[in-house]
Amino acid sequence: MFKLIKKNIVIILCVLFGFIFFTYKITSIPPGLETDEGSISYNSALISQNLRDQNNRFLPIFILSTGKSDWKQPILIYFIAFLFKIFGISVYIYKIANVILSIISAIFLIKIINLLFRNKIYSIIGFLIYITTPIIFITTRIGNESLLPSLISTLWLFTLLKYKLKQK
């Protein structure tokens, strides 16, 4: 157990720091929810309660937004619905979803840097650059799907790099 903690101490410390950094005054800066956030949170809440969206569709693949003006990506909505089901419906839980996704992206980034350079200092620097990049910080604080490309990209790059190194 202690060997596992010692091996992953950089990741553990970065996750703790990232969580504190991203969640500082998360429900008050920015205050309230904007239109897209309202639509995503409303549909997530409905799906968490009765498995139907605001248009009464059962577990839809894509969710039609409020006003029926655009379609929302399902990954974020179902992830938030899952969190709502476990922890209850609240603005804090809604906003934490993107924090979790951003921290998962940061973990993959740390692992990518470790595989490339085998240097923990580089991993910490890469992590700090990632979390302080304005677009990452801003999209972590608002609950729309614009952070998902970061997660998908880092996961994709991590798997490509693992394949390249092991050739299987």
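1. Leaving aside its neighbours within four places in sequence, which residues is Pro74 in contact with? With contact meaning heavy atoms within 4.5 Å, Pro74 touches Ile61, Phe62 and Ile63. Pro74 lies in helix 4 (residues 74–87) and counts as buried at 17% relative accessibility, where buried means under 20% relative accessible area, exposed over 50% and partly exposed in between, using a 1.4 Å probe and protein chains only. From Pro74 to Phe22 the separation is 52 residues in sequence and 23 Å in space, C-alpha to C-alpha.

2. On the basis of these values: this is a predicted model, in which local features need pLDDT of at least 70 and side-chain atom pairs count only at pLDDT 80 or more, while totals for chains, interfaces and linings use all residues. Residues are numbered from 1 along each chain as its sequence is written, and side-chain values use heavy atoms, with hydrogens and water left out.

3. The protein chain has 8 helices and 2 strands, these being DSSP runs numbered from the N terminus (helices H or I, at least four residues; strands E, at least two), and along the sequence they follow the pattern α-α-α-β-β-α-α-α-α-α. Of the 168 residues, 39% count as buried, and the C-alpha atoms fill a box of roughly 50 × 40 × 30 Å along the principal axes. Among contacts with a separation of 6 or more, 64% are made by residues 24 or more positions apart.

4. The structure holds 6 aromatic pairs, a pair being rings of Phe, Tyr and Trp (its six-membered ring) with centres within 6.5 Å, stacked if the planes are under 30 degrees apart, edge-to-face if over 60 and tilted otherwise. The rings of Phe21 and Phe137 have centres 5.2 Å apart and planes at 55°, so this pair is tilted. The pair links distant parts of the chain, since Phe21 belongs to helix 2 (residues 9–23) and Phe137 to helix 7 (residues 134–141), 116 residues apart. Phe21 is partly exposed at 27% relative accessible area, and Phe137 is partly exposed at 26%. Ring pairs link Phe17, Phe21, Phe22 and Phe137 into a cluster.

5. Helix 5 (residues 91–117) and helix 7 have axes that come within 7 Å and cross at roughly 145°; axes are lines fitted to C-alpha atoms, for helices over the stretch in contact, and angles run from 0 to 180 degrees between N-to-C directions. Lys95, Asn98, Val99 and Ser102 of helix 5 meet Ile136, Thr139, Thr140 and Arg141 of helix 7. The residues of this contact divide into 2 nonpolar, 4 polar and 2 charged.

6. Helix 5 also packs with helix 6, at an angle of about 145° and with the axes 9 Å apart. The contact includes Ser102, Leu109 and Phe117 of helix 5 and Tyr122, Gly126 and Phe127 of helix 6, and its residues divide into 8 nonpolar, 5 polar and 1 charged. Here Ala, Val, Leu, Ile, Met, Phe, Trp, Tyr, Cys and Pro count as nonpolar, Asp, Glu, Lys and Arg as charged, and the others, Gly among them, as polar.

7. In helix 8 (residues 148–166), the residues Leu148, Ser150, Leu151, Thr154, Phe158 and Leu161 are buried. The buried residues of helix 8 pack against helix 4, helix 5, helix 6 (120–132) and helix 7. Gln167, which follows helix 8, has a positive phi near 55°.

Note on methods
The expected span of a helix is 1.5 Å times one less than its number of residues.
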